[in-house]
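Please consult the sequence and the coordinates shown below while reading.

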Amino acid sequence: MMRSTFSKVVLGLLILPMGLLMADPAFNGRWRLDKARSTALDGWTTMDLVVSIEAGEVALQHDMRWRSTRVTAVNRVNTNHPVEIRDFFRIDQRHMAVYRPVDKVTPVTAMWLDEERTLRVEAHHEVETSQGFATMRITSEYRLEEGDETLTLIELHSTRDRPLVYVFRKLAPDDTSKP
Amino acid sequence: MRLRHFSVIALLLGSVACGRDPAVAEASHEGRQAWVMNFDLDWDVAGGLPEKALLISLQGLANREAPQLYIVHPPDFQWEITEPLYEFYERKHHVDFTEIERADAALEQFSSAAKGYVVWDPGVGASLNVAFTIGGLEDAVVVSEALIPLVEKHGLTMIDDLRGRYTGMSDAEIYADSIERYWSRCSRDRIMLMGGHRGRARQPAMADWGIRERMFFHDLSADPDEADELALNRSLLDDLNPMSIVFGWHPYGKDTEEQSTTLLSSYGYKMEGLHNLPNLSFNCQFTFTPGFKFTNNHSVDRDAVLQAEEKVYLSFVQSDSIGIGVWTKPGRGKIPFAWQVTMNWTEFSPAALEYFHESATPNDYFIGGLSGPGYMYPNHIPADVFPKLMAQAGELMELLDERVMEIMDNSAADGNVGNADLPVETVDRYYEAFPDVIGFINGYGPARTRDLRDTRPMISYDYYIDPKRPREEVTADLNELIRLNSRRPYFLLVHVRESNDVNSLIEVIGNLHGPTEVVPLDVFLKLAASKKTYQTRYQQPDDPKHFKGY
């Protein structure tokens, strides 16, 4: 029992800083969608992605705009362990009758890849359709491009033939503009 | 028998409502002389607007007693049918048009219809609407300062001058003054919400109609944040007679379509737009041609029973008043399409409806809408007015040989996204009001109100095709819906927004997965009645609402 506790402590000490060490700090910050190089949004005018990494937790904040409407939603994933996210946000194609159900949680796993320059997030997201409920497996890779000024998000759906590719440009730290 | 009986009544009602002499309308079938002008697309306040405002006001006066002046707009104008309709008048009503090229010649021909002129101030936007109101009441053409010499050359004298009267005043202050001065003399059955484009360019192409009918013009906001304007707006609506019609369109940038239509619907008034819908003062004076009867392209009998197979059924619908900007585009007729008809054009533009029916292909199917005998949001129509309005809609649908009612309530939506659903109370009212339809469709953007009672399904749009969305993404979207809705049959109702290219849709259809079939809307609804694979759902109290209402 004592040995087991000691092992957990050692393991924890190893893992905890790993979350911090394994994240490339260049991910942090506000990224603005480059619409010309991205898959066309549908029902959104534009968006920013704000990434903040703290230990193993990665906060992916979506600042969305549709005409004069602004929506902010954060998915907090963790590269150390799976999480369940209530009101999981996906960049939805809003002209499809696919809705986020009320009071459902979405299981989400996350991990660092490619020498910590890629964050992979996998979500099993339940959605409401005209026939009831269905599960959409969403695999998202956030790839930090060379030079750290471009972030590419490639999103695959288990239900969609084509990937959704969103290219973001990093904003200067003192740029407080909203999309 | 009932149809014929109603047709006669409708035509007579149309004659009365339009103020046309039935004898004149009858004579039109034997040919008449009229004049036509061709407009360009320059509606800039600093460019072509002043002259167009003059000509449109002249049109309203010239067409008071008889249809004399018609305006053809370029194919790129939002209402692209003005030229085909012009040809229709020549061909079917034997109108012998003489072209007038310049404003000077138009005044030469029609200045006797005016008693004078009123001067508006291009620096004060609302003054144009005040001038239009005066124009209707005083039989005056509307001019900017620069055009005074032109109208005086034709013997017209100044009746009123708005230059300086409203300088520095807010729109609320200007319209408060206008109400005080003119409202008591204006129509109480119809009003002109002359909004739409604002600022650098404006398109008041519907002003001829408002002037002819002596309506009050305004562009007051329906936004609760614009309390002064909303209060004035309400004071006007409070004064209108029951079942009135609000012509025009909401003012862009001041409020939203959702707010404006919600407000009007809460009074049980019908909306008839847009602000740039031209030639109503001319169109209203023609009846249907002798012997004409609406015959829709039904693909199934009203009482037919069909059985759905294990496949995906798609059906395409164009709303927006027979798809503003689409009817004359290439590709129509290649696949089945349902077209939402603005039903009260039976009263204001019979020839336009006859033109649409005459030029329909076997794949074009007409449906009633939008929500009733005009554009309305049913969730906000007072319960005691709802049956009267829908009885009117039912009669118009019978006249137009339509069996499907399209419903749209965007009061809680955010443009073409968001909540476009109906609570169960509204659904109940429709089922009670329309026992003879074969079904209902709902939404504008996607929606999730669905039901099936006896043989009448209510199906909402599962997809809205944004005309700017790349076709490969449209294909991917539709294929994703097909995957997510894995039970067969799957009924996939698609709203095709105005200006979508039909040919590109054919390519999309060819790239869909699985056994799919595009069917006419009446077939689609019959099949949807045979096997209910969709979930019954109504708007829920906790569904998100963008505009909470008043």
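In which loop of chain B does B:D139 lie? B:D139 lies in the loop between α6 (126-138) and β5 (140-143) of chain B, where helices (H or I, at least four residues) and strands (E, at least two) are DSSP runs numbered from the N terminus. Phi of B:D139 is near 55°, a positive value in a residue other than glycine.

This is a predicted model, in which local features need pLDDT of at least 70 and side-chain atom pairs count only at pLDDT 80 or more, whereas totals for chains, interfaces and linings use all residues. Residues are numbered from 1 along each chain as its sequence is written, chains are lettered from A and ligands numbered from 1 in the order in which they are written, and side-chain values use heavy atoms, with hydrogens and water left out.

**Backbone geometry**

Most residues other than glycine have a negative phi, and most peptide bonds are trans. Two peptide bonds of chain B are cis: the bond from B:G273 to B:L274 has omega near 5°, and the bond from B:R488 to B:P489 also has omega near 5°. B:L274 is found in the loop between β10 and α12 of chain B. B:P489 is located in the loop between α18 (471-484) and β21 (490-496) of chain B.

**Contact between the chains**

Chain A contributes 30 residues and chain B 35 residues to their contact, contact meaning heavy atoms within 4.5 Å. The two chains bury about 2800 Å² between them, 47% of it on carbon and sulfur atoms; buried area is the accessible area (1.4 Å probe) that two parts lose on being put together, summed over both. On the side of chain A, the residues that lose the most area to chain B are A:H95, A:S130 and A:Q131, together 27% of what that side buries.

Eight salt bridges are counted between chain A and chain B, a salt bridge being a side-chain nitrogen of Lys or Arg within 4 Å of a carboxyl oxygen of Asp or Glu. There are also 26 residue pairs in polar contact between the chains, both residues at pLDDT 80 or more. A polar contact is a pair of N or O atoms within 3.5 Å; within protein, one must be able to donate a hydrogen and the other to accept it, and residues adjacent in sequence count only if both atoms are side-chain atoms. The elements giving two or more residues to the side of chain A that touches chain B are β7 (118-129) and β8 (132-144) of chain A. That side divides into eleven nonpolar, twelve polar and seven charged residues.

**Two domains of chain B**

The domain assignment, whose bounds come from an automatic or database source, gives domain 1 (19-283) and domain 2 (312-530) of chain B. Their C-alpha centres lie 31 Å apart. Contact involves 34 residues of domain 1 of chain B and 37 residues of domain 2 of chain B. The two domains bury about 2900 Å² between them, 61% of it on carbon and sulfur atoms. B:E80, B:E258 and B:K270 supply 18% of the area that domain 1 of chain B buries against domain 2 of chain B, more than any other three residues. Between these domains the counts are four salt bridges and twelve residue pairs in polar contact, both at pLDDT 80 or more.

**Salt bridges**

Side chains of opposite charge can pair when their charged atoms come close. Over all chains, the whole structure holds 52 salt bridges, and the table gives examples.

| Residue pair | Closest N to O distance |
|---|---|
| A:D161 and B:R483 | 2.9 Å |
| B:R91 and B:E358 | 2.9 Å |

A:R86 lies in strand β5 (residues 83-86) of chain A and A:D103 in the loop between β5 and β6 (105-113) of chain A, so the pair ties together parts that are 17 residues apart in sequence.

**Strand pairing**

In chain B, four strands form an open sheet in the order β8-β7-β9-β10, with parallel pairing; two strands pair if DSSP finds at least two bridges between them. β8 (217-218) and β10 of chain B stand at the edges, each with a single partner strand, so one side of each is left without a neighbour in the sheet. Strand β7 (residues 190-196) of chain B is joined to β9(B) by six bridges, and B:I191 stands opposite B:V246 in β9(B).

In chain A, ten bridges join strand β3 (residues 57-66) to strand β4 (residues 69-78), and these run antiparallel. A:R65 stands opposite A:R70 in β4(A). The hairpin of β3(A) and β4(A) has two residues between the strands, and A:R67 takes a positive phi near 55° there.

Note on methods
Ala, Val, Leu, Ile, Met, Phe, Trp, Tyr, Cys and Pro count as nonpolar, Asp, Glu, Lys and Arg as charged, and the others, Gly among them, as polar.
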